[in-house]
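Hi,

Here is the structure I said I would pass on. Have a look at it first, and then my notes follow below.

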Amino acid sequence: MLNVAILGCGIGGEHISGYAQLADRYRIAVICDTNQQLAQKYATTTGARATTDIDDVLADPGVDIVDICLPPSMHVPVAIRAVNAGKHAIVEKPLAGSLSDADRLVEAEIRSQQRVFPVFQYRYGRAFDQLRALRAAGLLGRPLAASIETHWSRDSDYYANPWRGTWERELGGAVLSHAIHAHDLLTQQFGPVADVSAMLTTRANPIETEDCAAISLRMVNGAVATSSITLGAATDTTRLRFVFAYLTAESGCAPYTPGQDQWQFIARETSVQSRVDEVVNNAPTAPEGFAGLFEAIADELEGREGREVTLAEGLASIELVSAIYQSDRSGEQVTLPVDRMLPIAASLRA
Ligand SMILES: NC(=O)c1ccc[n+]([C@@H]2O[C@H](COP(=O)([O-])OP(=O)(O)OC[C@H]3O[C@@H](n4cnc5c(N)ncnc54)[C@H](O)[C@@H]3O)[C@@H](O)[C@H]2O)c1
């Protein structure tokens with residue numbers, strides 16, 4: 001049984017629902033939020049202890065894992081304090097606000113011998129299990145082209161939360177905070193990125209950071225992809241279309257759970273479609289969303305082969321964000337790997 005403390009009760013509330021699906025693996029020991037009423041509300045429903053003080057959590061010998069659901073600028077400093085206190089850390093996206101800060105997490109993980117797990121819960125869903133099964137059956141073929149859309153609606157109510165839309169506390173805009181999930185899914189399916197060209201702009205809300213972007217990506221294997229991002233759409237939709245040599249996979253529009261949505265898997269050769277349908281229908285099922293991520297982390301910590309998000313993958317997500325900002329700022333195509341000291345926040349631009 002792993003004893004977990006939740007820090008921050010915004011999205012932390014959804015993490016709590018994820019742990020609740022894994023009651024034989026996790027016990028929620030502490031809920032921490034500076035909003036005492038909020039902490040108490042979740043403590044009451046989970047049987048955990050409530051506190052408003054992060055130091056109190058880090059000093060608690062009954063806590064094995066600290067799950068950091070705090071505003072972005074707190075992720076790296078709190079994660080480093082957590083591993084130094086002998087706890088594993090689960091870190092909400094974005095992992096860090098720069099590659100050099102993400103590197104500090106790697107150093108802290110090695111020094112402390114605790115683990116740091118980035119959060120990309122979109123990976124855990126039936127459609128991605130189906131794609132894995134199709135790949136294993138040799139039915140995908142090589143990646144050719146992909147298009148991904150993160151078209152969400154965020155308004156003044158959303159930005160009333162004072163850390164949002166600021167370089168200092170959100171650390172970036174829609175590329176760092178919102179489309180980071182879709183970009184992670186792209187690299188899961190198509191492999192690492194070789195180079196990017198990007199245009200970023202702020203058009204939907206009066207904020208410091210970008211809220212629209214058009215990005216072209218070439219993958220190391222030669223496939224190409226486009227990513228369209230806006231936080232000024234009428235509704236919230238995420239759409240993913242992966243074209244492989246033998247099959248095209250297309251998501252529905254579910255914004256925050258694309259893997260749990262109904263996908264279409266269309267074989268290029270119609271004679272193969274029945275085999276594709278059979279593999280899709282028989283793909284193994286597993287917990288989805290946060291429960292899927294937390295199950296993978298528990299497997300990893302208990303020495304079974306886990307499908308957790310590795311810290312190296314978290315770093316790669318931040319490196320891609322760095323490259324995207326650099327391309328927009330320079331007006332040039334940027335090849336990865338990038339300079340590890342490259343800033344993301346505009347206020348830190350050289
Ligand atoms: N994985 C996802 O799909 C997903 C979705 C939403 C948000 N997020 C990420 O989760 C993080 C939190 O976002 P949110 O929308 O929940 O923010 P939020 O502002 O709604 O919630 C953060 C909570 O942290 C608390 N808090 C702030 N400082 C604290 C401190 N020093 N000690 C204890 N509690 C403190 C606040 O009171 C608040 O309740 C962000 O990094 C965001 O990008 C991820």
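Predicted model: local features only at pLDDT ≥ 70, side-chain atom pairs only at ≥ 80, totals over all residues.

Between the two domains, 18 residues of domain 1 are in contact with 18 residues of domain 2, where contact means heavy atoms within 4.5 Å. Residues are numbered from 1 along each chain as its sequence is written, and side-chain values use heavy atoms, with hydrogens and water left out.

The bounds are 2-121 for domain 1 and 123-285 + 307-311 + 319-330 for domain 2; they come from an automatic or database domain assignment. Taken over C-alpha atoms, the domain centres are 26 Å apart. Together the domains bury about 1,700 Å², with 67% of it on carbon and sulfur atoms (buried area being the accessible area, 1.4 Å probe, that two parts lose on being put together, summed over both).

What about salt bridges across the interface? The rule finds 1 between domain 1 and domain 2 (a side-chain nitrogen of Lys or Arg within 4 Å of a carboxyl oxygen of Asp or Glu). Separately, Arg115 forms a salt bridge with Glu308, with 3.7 Å between the closest N and O atoms.

On the side of domain 1 that touches domain 2, helix 5 (99-112) and strand 6 (116-118) are the elements that give two or more residues. Helix 5 gives the most, with 4 residues. (Helices, H or I with at least four residues, and strands, E with at least two, are DSSP runs numbered from the N terminus.)

**Gln114**

Gln114 sits in the loop between helix 5 and strand 6. Is Gln114 buried or exposed? Gln114 is buried, because its relative accessible area is 15% (buried means under 20%, exposed over 50%, partly exposed in between, with a 1.4 Å probe and protein chains only). Leaving aside neighbours within four places in sequence, Gln114 is in contact with Val83, Gly86, Lys87, His88 and Glu109.

**Helix 1**

In helix 1 (residues 12-20), the buried residues are Gly12, Gly13, His15, Ile16, Gly18 and Tyr19. Those buried residues pack against several elements, among them strand 1 (2-7), strand 2 (26-32), helix 2 (36-46) and helix 11 (289-301).
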